[in-house]
Amino acid sequence: MTRDSNMTSIIVTAFAFEKDMSSLPKRIEYEGVIRDFTGKGACVDLMNGTIPVRFYSMTDGRNTYHLRNQEGAWSLLRVA
């Protein structure tokens, strides 16, 4: 299943923390359903002008979720 969501707002309900105290989304609520992620996933930090933006690729073991975080606002970019 591949679905582009046009940056749907989501709620991150749990985080995992790395040894350097950076955080990763561990659980999200999307379409009224809780999705738990497995593993560390992948993360890329970019700048939108002077604003930091972080992109994540996380899996629940079935689908891969591409997420975006900018200034604390979480968006779902794509489910593949």
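1. Strands (E, at least two residues) and helices (H or I, at least four) are DSSP runs, numbered from the N terminus. F15 is found in strand β2 (residues 11-17).

2. This is a predicted model, in which local features need pLDDT of at least 70 and side-chain atom pairs count only at pLDDT 80 or more, while totals for chains, interfaces and linings use all residues. Residues are numbered from 1 along each chain as its sequence is written, and side-chain values use heavy atoms, with hydrogens and water left out.

3. The structure holds 3 aromatic pairs (rings of Phe, Tyr and Trp, the last by its six-membered ring, with centres within 6.5 Å; planes under 30 degrees apart count as stacked, over 60 as edge-to-face and the rest as tilted). The ring centres of F37 and Y65 are 5.6 Å apart and the planes stand at 55°, so this pair is tilted. Because F37 lies in the loop between β4 (33-36) and β5 (38-48) and Y65 in strand β7 (residues 64-70), the pair ties together parts 28 residues apart in sequence. F37 and Y65 are both buried (under 20% relative accessible area; exposed is over 50%, partly exposed in between, with a 1.4 Å probe and protein chains only).

4. Y56 and W74 also form a tilted pair, since their ring centres are 5.3 Å apart and their planes at 35°. Y56 belongs to strand β6 (residues 51-59) and W74 to strand β8 (residues 73-79), so the pair joins parts 18 residues apart in sequence. Both Y56 and W74 are buried.

5. Ring pairs link F15 with Y56 and W74 into a cluster. F15 is partly exposed, with a relative accessible area of 38%.
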